[in-house]
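Subject: Handing over a structure, with notes on what was found

Dear colleague,

I am passing a structure on to you, and my notes follow below. Please read them with the structure open beside you.

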Amino acid sequence: MFLYKLFSALLIPVTVLSNPITTSIEQRSPGNVVQAGSPVVIDANGIYIRASPLKTGGLIAGYTAHENGQSILRLAQSDNSGSSWNFIGEVWRVDTSTHDVDNAMPLQLPSGRIVYAFRNHDRTGNTFTYYRLTLCYSDDGGKNFVYASTIEQQAATPNNPNGLWEPFLRVAADGSLQCYYSAENSAVDQDGYMKRSIDGGITWSGWTKISGGDRTSRDGMIGVANIDNSGNLIAVFENTESGPFTVDYVLSHDDGNSWGQRGRLYTARNGAGAGAPQVMNVGGTLVTSFMTDEDVAGIPGSGYDGAQMKVVTSVDGGQTWGLATITGDARSHWPGLYTLNQTHFLALYSKDGLGAVSQHYQLVN
Ligand SMILES: *[C@@H]1O[C@H](CO)[C@@H](O)[C@H](O)[C@H]1NC(C)=O
């Protein structure tokens with residue numbers, strides 16, 4: 001009840017993070033999702049796409065391509081809201097046999113610099129030997145990247161997973177750069193964290209815990225969205241508290257400095273999994289994506305990784321969520337989201353046979 005009143009008070013007016021357009025509560029985008037375009041290929045070999053706005057109005061997408069025994073972190077750009085994409089630059093390439101790089105996350109800072117975080121692990125065969133979350137940056141629009149910092153790192157401990165995964169970047173209201181990520185305590189337990197940089201990603205604070213300190217669960221793949229531009233944020237993440245992957249959330253009322261009020265956002269039907277979530281604010285409506293195998297039984301080539309991308313929406317700041325809509329057909333992988341404007345967003349996913357794609361969706365009554 002307290003939460004309901006709090007949100008009611010805070011939801012007027014509603015503003016979208018990437019588009020500084022203020023709307024009244026009556027104008028908030030509705031919660032039904034309809035397809036508004038076909039999949040558009042970003043890169044035939046791309047996987048795990050994250051996108052961010054450019055100050056010039058375009059958008060950039062980071063992802064990993066695996067080609068000829070190498071893993072390549074790339075950046076693509078669209079100047080027509082995701083109707084077509086151009087390759088811009090390469091961040092780094094390594095031999096897949098000795099390195100595990102993935103989880104690209106690009107973000108343009110207010111200065112114009114583009115930062116790009118990723119997981120950057122050493123391995124011998126299938127055994128990880130060292131874990132890192134690395135940040136690179138570009139001052140020429142993404143054509144060339146250089147090393148900025150190691151956000152977090154640790155040597156692998158034998159026989160007990162202690163990996164570092166899925167960096168998610170956002171700029172806070174005070175101008176600081178926040179990096180959210182997941183760190184394993186063991187094979188069955190992983191927690192969410194955040195570090196902050198006040199110098200554009202060159203040095204980092206100690207960590208703040210986002211979730212998981214109070215339970216045994218593989219909390220992972222954090223995404224964060226602004227609820228109302230008044231310091232209220234939602235973080236979504238997958239977890240294994242009930243067995244299969246489900247989607248949970250936590251809230252912050254101080255722009256990410258502290259987090260709590262954990263709740264369940266989505267549980268897949270039929271004992272299936274729902275994981276790899278992301279969340280965005282589209283015209284005041286929250287959109288959460290995930291991949292789920294709840295409807296793919298019997299579809300050849302489909303599994304949990306390789307299922308459908310679905311989204312659910314909330315028009316009350318995350319208190320309640322509607323029914324799921326499919327936004328990526330079976331044999332899709334590792335989805336993401338991008339807010340285009342007050343009513344439209346992109347689903348981002350890797351599709352067997354196509355590669356990394358973006359696809360337009362619209363919120364309607
Ligand atoms: C929002 O974006 C979509 C897709 O690019 C576009 O068709 C639509 O006209 C845009 N709406 C506004 C109000 O600009």
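A residue is called buried when its relative accessible area is under 20%, exposed when that area is over 50%, and partly exposed in between. Phe245 has a relative accessible area of 23% and is therefore partly exposed. Please keep in mind throughout that this is a predicted model.

The chain as a whole

The secondary structure of the chain comes to 1 helix and 26 strands. The radius of gyration is 19 Å, close to the 21 Å that the globule rule gives for 365 residues, so the chain is as compact as a globular protein of that length. Along the principal axes, the C-alpha trace spans about 55 × 45 × 45 Å. Of the 365 residues in the chain, 58% are buried, and of the contacts with a separation of 6 or more, 51% are between residues 24 or more positions apart. The accessible surface comes to about 14,000 Å², and carbon and sulfur atoms account for 52% of that surface. As for charge, there are 23 positive and 33 negative side chains, and the centres of these two sets lie 1 Å apart.

Strand S6, residues 59-67, is mostly covered, since 7 of its 9 residues are buried. Glu67 stands opposite Gln70 in S7, while the hairpin formed by S6 and S7 has 2 residues between the strands, with Asn68 in the turn showing a positive phi of about 50°.

Leaving aside neighbours within four places in sequence, Gln108 is in contact with Pro53, Leu54, Lys55, Ile60, Arg113 and Ile114. The residue lies in strand S9, residues 99-108, and its relative accessibility of 16% means that it counts as buried. The C-alpha atoms of Gln108 and Met280, which are 172 residues apart along the chain, are separated by 17 Å.

Strands S13 and S14

S13 pairs with strand S14, residues 177-186, in the antiparallel sense over 6 bridges, and Leu169 stands opposite Cys179 in S14. The two strands form a hairpin with 5 residues between them, and Gly175 in the turn has a positive phi of about 90°.

Two loop residues with positive phi

Which residues have a positive phi of about 60° although they are not glycines? One of them is Asn229, which is placed in the loop between strand S17, residues 220-226, and strand S18, residues 233-239. Another is Asp255, which lies in the loop between strand S19, residues 246-252, and strand S20, residues 260-266. Asn229 counts as partly exposed at 41% relative accessibility, whereas Asp255 counts as buried at 14%.

Leu337 in strand S24

Finally, Leu337 is found in strand S24, residues 325-339, and at 4% relative accessibility it counts as buried. Leaving aside neighbours within four places in sequence, Leu337 is in contact with a number of residues, among them Gln278, Val279, Met280, Val287, Met309, Val311, Phe345 and Leu348. The C-alpha atoms of Leu337 and Tyr349, 12 residues apart along the chain, are separated by 8.6 Å.

With kind regards

Definitions and conventions:
Residues are numbered from 1 along each chain as its sequence is written. This is a predicted model: local features need pLDDT of at least 70, side-chain atom pairs count only at pLDDT 80 or more; totals for chains, interfaces and linings use all residues. Side-chain values use heavy atoms; hydrogens and water are left out. Helices (H or I, at least four residues) and strands (E, at least two) are DSSP runs, numbered from the N terminus. The radius of gyration is taken over C-alpha atoms; the globule rule is 2.2 Å times the number of residues to the power 0.38. Buried means under 20% relative accessible area, exposed over 50%, partly exposed in between (1.4 Å probe, protein chains only). Contact means heavy atoms within 4.5 Å. Accessible areas come from the Shrake-Rupley method with a 1.4 Å probe; for residues, only the protein chains shown count as cover. Lys and Arg count as positive and Asp and Glu as negative; His and the chain ends are not counted. The place of a charge is taken as NZ of Lys, CZ of Arg, CG of Asp or CD of Glu. Two strands pair if DSSP finds at least two bridges between them.
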